[in-house]
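Dear colleague,

My notes on it follow directly after.

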Amino acid sequence: MLAKPNETLKQFADFLLWVGELRRTGQNLWLVPISAGKWSLREVLTHLMYWDKNNLETMVPLMTEGAQLFFVDIEKHNQEAAAWAQSYRTLDALIDDVIAVRQQLLELLEVKYDNTTAFTIDYEDYTYRKFVDVFIHHDEHHKKQIEAFLVQEKVT
C-alpha cells in the first residue's frame, strides 16, 4: 500500500463511483447508440473495461525501469471490445465487470506505482503517472459522451 494517498490513482478510482451511478440508466437506453454512428452505452463501457483488462494483464506488469512497451493495435483492440460487448445481456452484469476489472487494475497500480520508474511506450517516454493520466483522460472523454447522451434522452 502507498504511504500517502496518491492523487492520480484516486482520480482514476473516482471513475468507479460514476460507473456505479449508471445502474439507474434505463435498460431501454443501454443498447441505443450514444449518437449517430457511435457505440451504445454497452459498447462504450465494454471498450473502457477492455482497455483496463489489457493494462492489467499486459501493460502494467511489464512497466519496469527502462522497459520498451507498445500499445496494442488500437483499431483492432476497439473492434474486439465492441464484439465482446455483445456477450452482455444486462447493464448490471456489465457494470459489475467494469468495476471488478478497474478495481483489480487499481490494486496492481497501488503495488507497482512509482513515479520515478521510467519506461517507453511506442518509443515515447512514460512514467506511471503519465500512463494513468492517459487513461484518466480517456475515461473523461467517454464519460462526457455518455452524460451528453443521457441528458439528451431525458429531454426527448
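At what angle do H2 and H4 pack, and how far apart are their axes? Before the answer, please note that this is a predicted model. H2 and H4 pack at an angle of about 25 degrees, and their axes lie 9 Å apart. Angles under 35 degrees count as roughly parallel, and H2 and H4 are therefore roughly parallel to each other. Their crossing is left-handed.

On the H2 side, this contact is made by Leu41, Arg42, Leu45, Thr46, Met49, Asp52, Lys53, Asn55 and Leu56. These residues meet Leu91, Leu94, Ile95, Asp97, Val98, Val101, Arg102, Gln104, Leu105 and Leu108 of H4. Sorted by class, the contact of H2 with H4 comprises eleven nonpolar, three polar and five charged residues.

H2 also packs against helix H3, which spans residues 74-85. Here the angle is about 125 degrees, and the axes are 8 Å apart. That angle makes H2 oblique to H3. The crossing of H2 and H3 is right-handed.

From H2, the residues Arg42, Glu43, Thr46, His47, Met49, Tyr50, Trp51, Lys53 and Asn54 take part in the contact with H3. Their partners in H3 are Ile74, His77, Asn78, Glu80, Ala81, Ala82, Trp84 and Ala85. By class, the contact of H2 with H3 consists of eight nonpolar, five polar and four charged residues.

The largest nonpolar core contains 45 residues, and Leu45, Met63, Ile121 and Phe131 have the most contacts inside it. At least two residues of this core come from each of helix H1 (7-21), helix H2 (41-59), helix H4 (91-112), strand E2 (119-121) and helix H5 (128-155). H4 gives the most, with nine residues.

Ile121 deserves a separate entry. When its neighbours within four places in sequence are left aside, Ile121 is in contact with Met59, Met63, Leu69, Phe70, Phe71, Tyr126 and Phe131. Two of these partners, Met63 and Phe131, are also named among the residues with the most contacts inside the core.

Two individual positions remain. His138 lies in helix H5. Is His138 buried or exposed? Buried means under 20% relative accessible area, and His138, at 17% relative accessibility, counts as buried. Residues up to four places away in sequence not being counted, His138 touches His47, Leu48 and Trp51. One of these, Trp51, is 87 residues from His138 along the chain, yet the C-alpha atoms of the two are separated by 9.9 Å.

The other position is Gln79, in helix H3. With a relative accessible area of 48%, Gln79 is partly exposed. The C-alpha atoms of Gln79 and Glu43 are separated by 9.9 Å, and the two residues are 36 residues apart along the chain.

With kind regards

How values were computed:
Residues are numbered from 1 along each chain as its sequence is written. This is a predicted model: local features need pLDDT of at least 70, side-chain atom pairs count only at pLDDT 80 or more; totals for chains, interfaces and linings use all residues. Side-chain values use heavy atoms; hydrogens and water are left out. A nonpolar core is a set of buried Ala, Val, Leu, Ile, Met, Phe, Trp, Tyr and Cys residues joined through side-chain atoms within 4.5 Å. Buried means under 20% relative accessible area, exposed over 50%, partly exposed in between (1.4 Å probe, protein chains only). Helices (H or I, at least four residues) and strands (E, at least two) are DSSP runs, numbered from the N terminus. Contact means heavy atoms within 4.5 Å. Axes are lines fitted to C-alpha atoms, for helices over the stretch in contact, and angles run from 0 to 180 degrees between N-to-C directions. Angles under 35 degrees count as roughly parallel, over 145 as roughly antiparallel, 65 to 115 as roughly perpendicular and the rest as oblique. A crossing is left-handed if the near helix is turned anticlockwise from the far one by less than a right angle, and right-handed if clockwise. Ala, Val, Leu, Ile, Met, Phe, Trp, Tyr, Cys and Pro count as nonpolar, Asp, Glu, Lys and Arg as charged, and the others, Gly among them, as polar.
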